[in-house]
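Q: Got the model loaded. Can we go through a few side chains and then one of the helices?

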Amino acid sequence: MDDKLLKKYLKYANTEEAFAVLFVKKHLVQAKGHWVDIVDCRRYEMSSDKLHFRFVVGGLYKRKIQPQYPSKSAYTIDGKFDECGYYLMIRAITWETAHKDIEQQKSKNVASRKFKITGISYDKNRSNKDFFREDTPPEIKALANNLYDRTNPLWDKALQYANKPEFVYEIKKVYIN
């Protein structure tokens, strides 16, 4: 096992760039069979989903170098296969190969297919003017007539029926040359 490579890969795997590559692989059919080179990207900072991006810009390079993976037997100790360790090493080798291949193609001035994917995150309930949801019991809905009077004991239960922001993410535009 190459511990240096694994360490470098694990450091990379939690970066915005790594998530942008996954995002492109998920939303761009043309990325199949290509290495993804991220040029610029911006995540939605407030989103808990790491695959919500405002935009991702980059290039697709045909795979010219194929990764050389270790055999599964190298990850089998006393008849027990270390699946996690094996697949982690596969990802690290793939990542290293992708970077080598992209750099070689760039040095030879090979043109990539350029792409830009833009997404949008918005509150699905933004146009809802009611304080409470539709499924709220009538006695609690009546509290909306005076939202500043919180003396009614029903307020203990009422806030669970309040309309809360519900954010939705959508791909807005995909450009590829």
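Q: Is K106 buried, partly exposed or exposed?
A: K106 is partly exposed, at a relative accessible area of 33%. Keep in mind that this is a predicted model.

Q: Which side chain does K106 meet in a salt bridge?
A: That of D37, with 2.9 Å from N to O. D37 is in strand β1 (residues 34–43) and K106 in helix α3, so the pair ties together parts 69 residues apart in sequence.

Q: And D37, buried or exposed?
A: Buried, with a relative accessible area of 13%; the cut-off for buried is under 20%.

Q: How many salt bridges in the whole structure?
A: Four. One of them joins R54 and E45, whose closest N and O atoms are 3.5 Å apart. R54 is partly exposed at 36% relative accessible area, while E45 counts as exposed at 52%. Another pairs D135 with R133 at 2.9 Å, N to O.

Q: Switching to α1. Which residues are buried there?
A: In α1, residues 3–13, the buried ones are L5, L6, Y9 and Y12. They lie on the same side of the helix, because they cover an arc of only 125 degrees around the axis.

Q: What covers them?
A: The cover includes α2 (16–27) and α3 (83–107).

Q: Which exposed residues does the face turned away carry?
A: D3, K4, K7 and K11.

Q: Last one: what caps the N-terminal end of α1?
A: D2 does, with a side-chain oxygen 3.3 Å from the backbone nitrogen of K4.

Notes. Residues numbered from 1 in each chain as written. Predicted model: local features only at pLDDT ≥ 70, side-chain atom pairs only at ≥ 80, totals over all residues. Heavy atoms only, no water. Buried < 20%, exposed > 50% of the residue type's maximum accessible area, 1.4 Å probe, protein only. Helix = DSSP H or I, 4+ residues; strand = E, 2+ residues; numbered from the N terminus. Arc of directions from axis to C-beta. Contact = heavy atoms within 4.5 Å. Polar contact = N/O pair within 3.5 Å; in protein donor to acceptor, adjacent residues only side chain to side chain.
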